[in-house]
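Some notes on aromatic contacts and nonpolar packing follow. Please read them alongside the model.

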Amino acid sequence: MEAPGAAGDAATLAGPDPELAATMGFSGFGKKARTFDLEAMFEQTRRTAVERSRKILEAREREKEDQAEKEFRCLQPDSPASASSAIGAESTLTPRDAACSESEDSSDEELTGPSVQSQTSARGQNEDTDDDDDEEFIGPPLPPGFKDSDDDHDDDDIQEEDNNPVKKIPDSHEITLQHGTKTVSALGLDPSGARLVTGGYDYDVKFWDFAGMDASLQAFRSLQPCECHQIKSLQYSSTGDVILVVSGNSQAKVLDRDGFPVMECIKGDQYIVDMTNTKGHTAMLNSGCWHPKVKEEFLTCSNDGTVRTWDVNNEKKHKGVFKPRSVQGKRVIPTTCTYSRDGKLIAAGCQDGSIQIWDKNMSVHTKFHCRQAHAPGTDTSCLTFSYDGTALASRGGDDTLKIWDIRQFKKPLNSAERLSSFFPMTDCCFSPDDKILVTGTSVKKGGGSGKLFFFDRETFQKLYEIDVTNA
């Protein structure tokens, strides 16, 4: 059936446009390469095969009809199952098989089930629906029920993966990037996942580009943005075009993607007693982070006892000041700070063990606070809000990880203990689906491996752990 059509196509394609050929000065111009639509060819072949077998079956049916009709009419249909098996058997017959079985069938008179006509009509419907289903597939039609079972398996796999959150932890491959010889104290991944920035106790900030990296796994840039100060925190902004650098001095810096300075916060006047009246921090910084929604705004906290918000476009003065206070109303040092996911709340973990949360627009009194969140005198190293905004996780310097509902802030929903931490920048974070909470542990030299622990958010059972390295 295809040959004449193919010849016709070739004839129509071969003739170039005579005007174009005359203009360009050669006759070969304008010939198009013949493209073959394999899918359509397969479909056409399949349809002709179906048509052919249908014709043979109809011819056989006409011969049989006269002699078999009496028996079929008097016998009741047996069961739908036998009918469907008969359809399956008929649809898989090749023309030669059909011819062979024709003589057998005519001699075999004691058949049960519905009439041949109803069978063939059912089969015809089946084939029509198959045609619709198979239009996007190449090759002969799948046997009945095959595709469904395959889909079911896929669904089961997907469901199993949903039920087992460990499957979603990406730990199939591993490389080691050598930052330097001292503690790596800060990591920042850009929002697209293409670049990584690392900082350490050796004052260096290194830039890594995964796409442009060769087998030597070298950083493409290394610099010391804060001279001789340890790097405390590095974070890309929500758009990924600038990086916030928080170090051991009192001035946070913002660098662009390639490490060139964009702004540096002003240093406050250390002789002024009231910290609200100084334009910037007067003591060592502890932490900092970007606003999740406003790309120009960021937050820092410092040993001067304040949490300050800043605008990238105004380095001369902070935007707002928040002053955490102890039970007696005295100044207390915030060791970590963060925004809520919508950017409306600001939370700080303090050295007296408290967690204090302010409404971003009202800096005087806290909106929520918990006085005994962690052991007093220990540095709470990280606070992070869940993606749904209802829970807050805190990583304490007292070797605990806790999760809180800030609306009932008196006691934690859950807590995990004996998670050793020797660094004031040990992080914790939620998985993107909010089901898992992850944190790291540290060890003394020769004390085994530092690990990553994964906890179920609801039950706080340990789901998984990764041995990172012998350090």
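1. Rings of Phe, Tyr and Trp (its six-membered ring) pair if their centres lie within 6.5 Å; planes under 30 degrees apart count as stacked, over 60 as edge-to-face and the rest as tilted. There are 8 aromatic pairs in the structure. One of them, Trp290 with Phe298, is edge-to-face, at 5.4 Å centre to centre and 70 degrees between the planes. Trp290 and Phe298 are both buried (under 20% relative accessible area, with a 1.4 Å probe and protein chains only).

2. The model is predicted: local features need pLDDT of at least 70, side-chain atom pairs count only at pLDDT 80 or more, and totals for chains, interfaces and linings use all residues. Residues are numbered from 1 along each chain as its sequence is written, and side-chain values use heavy atoms, leaving out hydrogens and water.

3. Phe322 and Trp358 make a tilted pair, 5.6 Å centre to centre with 50 degrees between the planes. This pair links distant parts of the chain, 36 residues apart: Phe322 is in strand β12 (residues 320-322) and Trp358 in strand β15 (residues 355-359). Strands are DSSP runs (E, at least two residues), numbered from the N terminus. Both Phe322 and Trp358 are buried.

4. The largest nonpolar core has 13 residues (buried Ala, Val, Leu, Ile, Met, Phe, Trp, Tyr and Cys joined through side-chain atoms within 4.5 Å). Strands β18 (391-395), β19 (401-405), β21 (428-430) and β23 (450-456) each supply at least two of its residues. Among the residues with the most contacts inside this core are Leu437, Phe455 and Phe460. Phe455 and Phe460 also belong to one aromatic cluster with Phe453.

Key. Buried < 20%, exposed > 50% of the residue type's maximum accessible area, 1.4 Å probe, protein only. Helix = DSSP H or I, 4+ residues; strand = E, 2+ residues; numbered from the N terminus.
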